[in-house]
Amino acid sequence: MRVALAAAVRDLPRAAGLAYEPKFDGHRLVVVRSAAEVSLQARSGRIVTSAFPDLATAALELPAGTVLDGEVVVWHAGRTDFALVQRRAAATAARAAVLAQSLPASYAAFDVLELAGLDVRARPYERRRALLVDLLLPLGPPLQPVPMTTDPELAATWYETLPASGIEGLVVKRLDQAYPAGRRGWQKLRHTDVRDAAVVGYTGTPRRPLALVLVLPVGDETPLVSSPLTAALRREVAEAVAARGAAERAAEPRATGADAVTAIGTVTAIGLGEVPYRALDPPLTAEVRHTSARHPPPEVLRLRTDL
């Protein structure tokens, strides 16, 4: 199922016939309820049902022939926590059952693509929204429709106040628009100026990564070293590197201590000169706080795994 995408904008669009939704900070997830079972599909197309057994069980309440598009999130301390969604997504099937109890997932649905076996993607968003609300409101959490407004002033208020709850911005859609599968037919306004950057390597060791080597999405393609990673990000990067397989793990140096680096390449780091780093091929993706200058170093906000 090819999902709709959104193009970034810098200002809040204001025009008649627009709808505004909060942009939740989680993982894209398509819920497919067939006659026999529930299947959860990531944006990449990979089936991830085993990672979210709580959502799969809840979705059994949907009528057969239903397909939903939305975002899986985990709430913690009154806000969505992307790191906890990553933890859920990376869990084995056995571990996922335990985490479903301690870190329950919620599904913020923003579109219905099929209903009772009928493909409704060609219908206007306004009509699909009504179908979505009628479908999910009787069920309640953890399957819920995202809030929506057609009032740009209320949308602007959401944009300014909801980041405290982990909401990262707004998604804007035309009321008369069909579902733009595989296209950037929607618009997104993020609260912070962040970009997806290619992670072409890391400094440190596979078990103790210290910083990421990034290629930013604007400017030249000279690799830059990020600011030091937080402890949570170090764990995420180490897990992602380990998942690359035995070949990467076997390359970890043993002779000169836990923090030794076998240099695959070097990159210039601000204030440090030439720094050895390990290459990643293919690259990972990270969200970084973007700057067109090289001072200060790019700040890594989170790692984007291919869920």
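Modeller: Start with strands: two of them pair if DSSP finds at least two bridges between them. Strands (E, at least two residues) and helices (H or I, at least four) are DSSP runs, numbered from the N terminus. This is a predicted model: local features need pLDDT of at least 70, side-chain atom pairs count only at pLDDT 80 or more, and totals for chains, interfaces and linings use all residues. Residues are numbered from 1 along each chain as its sequence is written, and side-chain values use heavy atoms, with hydrogens and water left out.

Biologist: What makes β3 and β5 a pair?

Modeller: Seven bridges join β3 to β5. The rule asks for at least two, so they pair. The two strands run antiparallel. Val32, for instance, has Val67 in β5 as its bridge partner.

Biologist: How do you know that β3 also pairs with β4?

Modeller: Count again: five bridges join β3 to β4, also antiparallel. Leu29 stands opposite Ala42 in β4. With four residues between them, β3 and β4 form a hairpin.

Biologist: Why is Leu131 called buried?

Modeller: Buried means under 20% relative accessible area, exposed over 50%, and partly exposed in between (1.4 Å probe, protein chains only). Leu131 has 13%, so it is buried. It lies in helix α4, residues 125-136. Beyond four places in sequence, Leu131 is in contact (heavy atoms within 4.5 Å) with Val112, Leu115, Val120 and Arg123. The C-alpha atoms of Leu131 and Val120 are 9.5 Å apart, with the residues eleven places apart along the chain.

Biologist: And β3, how covered is that strand?

Modeller: Mostly covered: six of its seven residues are buried.

Biologist: What makes a set of residues a nonpolar core?

Modeller: The members are buried Ala, Val, Leu, Ile, Met, Phe, Trp, Tyr and Cys, joined through side-chain atoms within 4.5 Å. The largest such core here has 33 residues, and Leu40 and Leu68 have the most contacts inside it. Elements that each supply at least two residues include β3, β4, β5 and α4. Another core, of 18 residues, lies apart from it and includes Leu216 and Ala240.

Biologist: Which residues of α6 are buried?

Modeller: They are Leu233, Glu236, Val237, Ala238, Ala240 and Val241.

Biologist: Why are Phe24 and Trp75 called edge-to-face?

Modeller: Rings of Phe, Tyr and Trp (its six-membered ring) pair if their centres lie within 6.5 Å; planes under 30 degrees apart count as stacked, over 60 as edge-to-face and the rest as tilted. Phe24 and Trp75 have centres 6.5 Å apart and planes at 80°. Both tests are passed, so the pair is edge-to-face. The two residues are 51 apart in the chain, Phe24 in the loop between β2 and β3, Trp75 in β5. Phe24 is buried at 13%, while Trp75 is partly exposed at 39%.

Biologist: What about Tyr179 and Trp186?

Modeller: Their ring centres are 5.8 Å apart and their planes stand at 80°, so this pair is edge-to-face. Tyr179 is buried at 6%, and Trp186 is buried at 4%. With Phe110, they form one aromatic cluster.

Biologist: How do you know that Lys173 sits over the ring of Trp186?

Modeller: The rule needs NZ of Lys or CZ of Arg within 6 Å of the ring centre and within 35 degrees of the ring normal. The charged end of Lys173 is 3.8 Å from the centre of the Trp186 ring, and it is found to sit over that ring.
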